[in-house]
Amino acid sequence: MEKRAWGDWIFEHLSRSMAVLVLLLVIGGFITMVVMSLPSIKAFGFSFLVRDTWNPITNEFGALPFIVGTLVTSFLALIITIPFSLSISLFLAEYAPTKVRGTMANLVETLAAIPSVIYGLWGIFFLVPLVRKLEIALKEPPYGVGAFTASLILAVMIMPYATSVAEHVIAMVPRELKEGGYALGATRWEVMRHIVLPYARSGIVAGLFLALGRALGETMAVTMVVGNRNALLKSIFDPTNTMASVIANEFTEATSKIYLSSLVEIGLVLFLITFVVNVIYKWVMNRLEVGQKETA
């Protein structure tokens with residue numbers, strides 16, 4: 001076998017092995033969580049997902065407060081971050097001077113590198129007092145910590161992911177399309193709205209799903225500001241817990257087998273929710289790509 005052929009063979013099999021290894025790791029993690037969750041699954045069945053009781057003393061467990069807390073904080077964070085990430089990405093790709101673009105893009109991407117515990121400390125000392133004042137103005141209990149504060153933290157944390165992907169996709173819009181719009185008398189806003197955004201929408205949606213996946217699994221920063229109360233949300237300002245935060249808080253305290261199994265089952269539910277989000281992401285992306293081809 002020639003030297004080049006050997007190199008191709010090694011590269012092909014090495015790449016295939018790495019892909020299989022990743023698949024095996026995911027399957028192995030899933031099987032491990034299922035096995036460790038069996039005591040909880042046998043004890044509570046499907047009711048585990050709809051029960052709002054969490055009492056380690058009486059060994060009564062239900063994941064509903066944590067599922068609701070995770071979904072509320074993550075989707076609220078996504079809603080908050082959409083206008084900011086979209087505006088920043090449009091500015092960087094279409095309006096910012098070259099020197100400013102590079103510096104600002106680096107600053108935005110730096111937000112993704114900040115440790116989550118730093119975000120948590122910033123939330124405690126800066127955001128919590130502000131939210132407490134807002135709660136007083138709205139005549140809500142002045143907790144300061146809660147789902148809304150956690151959503152604000154998450155919105156800042158996931159913004160770099162949505163912004164970076166959207167900015168790169170918007171920058172890839174062919175210049176001929178934009179120049180054609182200007183030639184027809186369109187304003188810059190009309191070109192952005194009717195040409196750039198439709199062309200880049202698949203990339204923008206991909207960035208948002210990437211940001212959502214980041215928000216669903218965030219632990220430390222959320223744990224520090226979410227309030228850590230095992231109760232179902234009645235208001236977005238109420239203290240609550242997410243699936244990741246309750247595992248982080250109580251895993252070392254789980255002394256009984258059913259307690260530990262219930263925490264692992266919460267991790268399994270979080271795994272499945274993330275998987276469902278990825279499936280929806282693939283479906284949405286396929287629909288968008290088909291729509292763009294039909295439009296073209």
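Colleague: Where does α4 bend, and by how much?

Modeller: The bend is at Gly-123, by about 45°. That angle is taken between axes fitted to the seven residues ending there and the seven starting there. Helices here are DSSP runs (H or I, at least four residues) and strands are too (E, at least two), numbered from the N terminus. This is a predicted model, so local features need pLDDT of at least 70 and side-chain atom pairs count only at pLDDT 80 or more, while totals for chains, interfaces and linings use all residues. Residues are numbered from 1 along each chain as its sequence is written, and side-chain values use heavy atoms, with hydrogens and water left out.

Colleague: What span should α4 have, and how far apart are its end C-alpha atoms?

Modeller: Helix α4 has 22 residues (116–137), so at 1.5 Å a residue it should span 32 Å, and its end C-alpha atoms are 29 Å apart, which agrees. The expected span is 1.5 Å times one less than the number of residues.

Colleague: Which residues of α4 are buried?

Modeller: Tyr-119, Gly-120, Gly-123, Leu-127, Val-128, Val-131 and Glu-135. Buried means under 20% relative accessible area, exposed over 50%, partly exposed in between (1.4 Å probe, protein chains only).

Colleague: And what do they pack against?

Modeller: Those buried residues of α4 pack against α5 (147–171) and α8 (220–225).

Colleague: What about phi just after α4?

Modeller: Lys-139 comes there, with a positive phi of about 60°. Lys-139 is in the loop between α4 and α5 and is exposed, because its relative accessible area is 78%. For background, most residues other than glycine have a negative phi.

Colleague: Asn-59 isn't a glycine either, so what is its phi?

Modeller: Asn-59 has a positive phi of about 55°. Asn-59 sits in the loop between β1 (54–55) and β2 (60–61), and counts as partly exposed because its relative accessibility is 32%.

Colleague: Switching topic: is Glu-218 buried or exposed?

Modeller: Glu-218 counts as buried, because its relative accessibility is 5%. You'll find Glu-218 in the loop between α7 (188–217) and α8.

Colleague: Which backbone nitrogen does its side chain reach at 3.3 Å?

Modeller: The Glu-218 side chain reaches the backbone nitrogen of Met-220 at that distance. The backbone nitrogen of Ala-221 also lies 3.2 Å from a polar atom of the Glu-218 side chain.

Colleague: What else is Glu-218 in contact with, leaving aside neighbours within four places in sequence?

Modeller: Ser-116, Leu-154, Met-157 and Ala-244, where contact means heavy atoms within 4.5 Å.

Methods
Polar contact = N/O pair within 3.5 Å; in protein donor to acceptor, adjacent residues only side chain to side chain.
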